[in-house]
Amino acid sequence: MKWIKFKIKTITEAEDILVSALYDIGLEGAQIEDKVPLTAWEKEQMFVDILPEGPEDDGVAYLSFFVEEKEDGSLELQGERTDADTVLALVRRELEELRQFGDIGEGSVSVDETEDIDWINNWKQYFHQFYIDDILVIPSWEEAQEKGRGSMVLHIDPGTAFGTGMHETTQLCIRQLRRFVQPGMEILDVGTGSGILGILSLMFSAGHVTGTDLDPCAQEAVLENCQANGILPGQFTLYLGNLITDRELQEKAGRGRCDIVAANILADVLVPLTPVAVEMLRPGGVYITSGIIDDKENVVRQALEAAGLEVLEVSRQGEWRCITARKGM
């Protein structure tokens, strides 16, 4: 499949108005390229493992719109056949009209033909083997280049579920699991994603892991990653569903039987999850919460204490926090 890409050079302040105006003429799904740093709130909402640092913001932005090219070379816009020259003329007319009302920067437009893009796998260029302390994390498409003496090796392919171990919140959670997991323990991983926390818990000597997730993509990711790391069938059980609201799922996941509940999610989810996590834990069980941006630390801590948990430790890495707490005996 081929696409015609219309790429506009503008300024960051004009991004929203340009996207809106061009949407009105039938161009949808803008790809925005700029160098504006992410805010703390945006980082929390994205919560992705692979987030390369960008250069300093220069105020310049590029907006790209893609229109599918038919076999006969024509395009379709708002249900009508057209061509690249006609669409280009429409774009330029919109830009000139907008220029009358405010600064849109250079406002130049380039037109290119591009092959279909593999968006699902494009992120792999940023994910290469790396260490978390002495744990060597290797993606499925790479061979181990080096292995330190005594290193633990984790083979991980996040697929579309994500969870590579590169994100600070995941690393914070891994370190706490390593401290608290004891042989034979029952672990509950809420929002398991690729299964990385559960798999490492088993490698740390846990007896069984239950993972829950809302995303069906987690099923294939967990299965493949368990197989890649020699996890036996029955050691890792995955359920799809919302643990906060689904009482049946809570029973399946081990209400009152979990030695550790790990939740590497977001602060806004951790707060309502906490009372449920307390019910899932055995007396004396440990609750490891991560995914907490620095300005949400107090919110989560207050939720833990309100649920009767004793806060044991707050660990930090960059802007992120991990709070570990214990249920009373």
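Two strands are taken to pair if DSSP finds at least two bridges between them, helices (H or I, at least four residues) and strands (E, at least two) being DSSP runs numbered from the N terminus. The model is a predicted one, in which local features need a pLDDT of at least 70 and side-chain atom pairs count only at pLDDT 80 or more, whereas totals for chains, interfaces and linings use all residues. Residues are numbered from 1 along each chain as its sequence is written, and side-chain values use heavy atoms, with hydrogens and water left out.

The pLDDT, the predictor's confidence in each residue on a scale from 0 to 100, averages 86 over the protein chain, and 86% of the residues score at least 70. Confidence is highest in strand E10 (residues 186-190), at a mean of 98, and lowest in helix H2 (residues 40-46), at 51.

Strands E7, E8 and E9 form, in that order, an open sheet of mixed pairing, with E7 (130-132) and E9 (152-156) as the edge strands, each pairing on one side only. Strand E8 (residues 135-139) runs parallel to E9 and is joined to it by 5 bridges; Val137 has Leu154 in E9 as its bridge partner.

Helices H8 (residues 267-280) and H9 (residues 297-306) pack at an angle of about 5°, with their axes 9 Å apart; axes are lines fitted to C-alpha atoms, for helices over the stretch in contact, and angles run from 0 to 180 degrees between N-to-C directions. H8 is therefore roughly parallel to H9, a term applied to angles under 35 degrees. In contact (heavy atoms within 4.5 Å), Ala267, Leu270, Val271 and Thr274 of H8 meet Val299, Val300, Ala303 and Leu304 of H9.

Conventions: Angles under 35 degrees count as roughly parallel, over 145 as roughly antiparallel, 65 to 115 as roughly perpendicular and the rest as oblique.
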